Amino acid sequence: MIAHYTIHGHAIVSADDRIADADGSIPPSLHNEADWQRFQTALDQALVTVLGRLGHESHPNLKKRNRLVVSSRSKGLERRDDAWWWNPAEVPIVDALAQAAPEPGVVAVPGGRLVFDLFLAEGFDAFFLSRARRAKLPSGRPIFSAVAHGRSASDVLTDHGLRPEPAVSLDEGAGVELVVWRALGRAGSQKTY
């Protein structure tokens with residue numbers, strides 16, 4: 001676990017644990033206003049948001065939130081006009097976070113897959129996993145690399161020490177629900193929907 005920070009993952013997936021279609025774009029079936037509003041509130045409350053380059057490029061930082069963009073195209077840790085850019089092969093995660101967000105607090109991690117994998121290795125305090133139960137993307141991009149090898153998102157989160165709370169319906173008409181997965185015995189386990 002990364003001292004001084006509470007790490008929160010955020011994703012909406014299809015029924016088959018995909019976060020995007022085959023070309024990496026988010027299909028309309030994974031867009032849900034109730035989930036989007038919950039997610040935006042969580043990002044507003046975070047010290048820093050950590051996401052991949054493609055996510056950063058697809059969603060410009062219009063609110064000027066503190067962002068840490070994971071990219072092999074950056075040199076170590078760089079402060080650019082739009083965000084902090086970080087190459088985890090060159091700078092340890094704890095050093096990148098200490099520079100981008102020196103105060104303790106919540107780090108929001110909205111992915112993509114390789115960013116989720118990176119933080120799985122470090123440990124999430126909570127993972128806010130929304131699911132669009134009616135959406136199926138069999139050739140889409142999985143939330144975690146292990147999902148491409150037959151594991152479910154639930155298996156992966158369980159394997160990494162998280163346990164699910166009861167599902168909460170976010171949009172009953174659209175079949176979208178939220179399950180918060182929490183690490184047992186970790187600080188920062190307050191409910192934040």
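Which residues in the largest nonpolar core touch the most other members?

Reply: Before we start, a bit of housekeeping. This is a predicted model, so to speak: local features need pLDDT of at least 70, side-chain atom pairs count only at pLDDT 80 or more, and totals for chains, interfaces and linings use all residues. Residues are numbered from 1 along each chain as its sequence is written, and side-chain values use heavy atoms, with hydrogens and water left out.

Now the core. It has 37 residues, and the ones touching the most other members are Val50, Phe127, Ile143 and Phe144. A nonpolar core here is a set of buried Ala, Val, Leu, Ile, Met, Phe, Trp, Tyr and Cys residues joined through side-chain atoms within 4.5 Å. "Buried" means under 20% relative accessible area, "exposed" means over 50%, and "partly exposed" is in between, using a 1.4 Å probe and protein chains only. In soluble globular proteins, nonpolar side chains tend to be buried together.

Let's zoom in on Phe144. Leaving out residues up to four places away in sequence, Phe144 touches Arg113, Phe116, Asp117, Leu120, Phe127, Ala153, Val156 and Leu157. (Contact means heavy atoms within 4.5 Å.) There's also a second, separate core of six residues, with Ile12, Leu30, Ala132 and Ala135 among them.

The largest pocket holds about 1,400 Å³. Of its 48 lining residues, Leu54, Gly55, Pro110, Gly111 and Gly112 are the closest to the centre. Two or more lining residues come from each of these elements: strands S1 (5-14), S2 (18-20), S3 (48-52), S4 (67-70) and S7 (105-111), plus helices H1, H2 (53-58) and H4 (113-122). H1 gives the most, with seven residues.

On a 1 Å grid over the protein atoms alone, a pocket is an open set of points with protein on both sides within 12 Å along at least five of seven lines, whereas a cavity is a set of points where a 1.4 Å probe fits but cannot get out; lining residues have an atom within 4 Å of a point. Grid points are joined across faces, edges and corners, and the volume is the space filled by probe spheres set on the points. Helices (H or I, at least four residues) and strands (E, at least two) are DSSP runs numbered from the N terminus.

What is the lining made of? By class, it has 21 nonpolar, 17 polar and ten charged residues. Asp, Glu, Lys and Arg count as charged; Ala, Val, Leu, Ile, Met, Phe, Trp, Tyr, Cys and Pro as nonpolar; and the others, Gly among them, as polar.

Look again at Gly112, which sits in the loop between S7 and H4. The peptide bond from Gly111 to Gly112 is cis, with omega near 10 degrees.

Next, pick out Gln40 in helix H1 (residues 33-45). Gln40 counts as buried because its relative accessibility is 10%. Its side chain makes a polar contact of 2.8 Å with the side chain of Arg65. (That's a pair of N or O atoms within 3.5 Å; within protein, one must be able to donate a hydrogen and the other to accept it, and residues adjacent in sequence count only if both atoms are side-chain atoms.) Apart from neighbours within four places in sequence, Gln40 is in contact with Lys63 and Arg65.

Asp17, in the loop between S1 and S2, has a positive phi of about 65 degrees although it is not a glycine. Lys64, in the loop between H2 and S4, has a positive phi near 55 degrees, and Lys64 isn't a glycine either. Asp17 is buried at 7% relative accessible area, whereas Lys64 is exposed at 70%.

Ser71 is another loop residue, between S4 and strand S5 (77-79), and it is buried at 4%. The Ser71 side chain reaches the backbone nitrogen of Arg73 at 3.0 Å. Not counting residues up to four places away in sequence, Ser71 touches Arg53, Trp85, Trp86 and Asn87.

Last stop: Glu177 in strand S12 (residues 176-183). The Glu177 side chain makes a polar contact of 2.7 Å with the side chain of Arg133.
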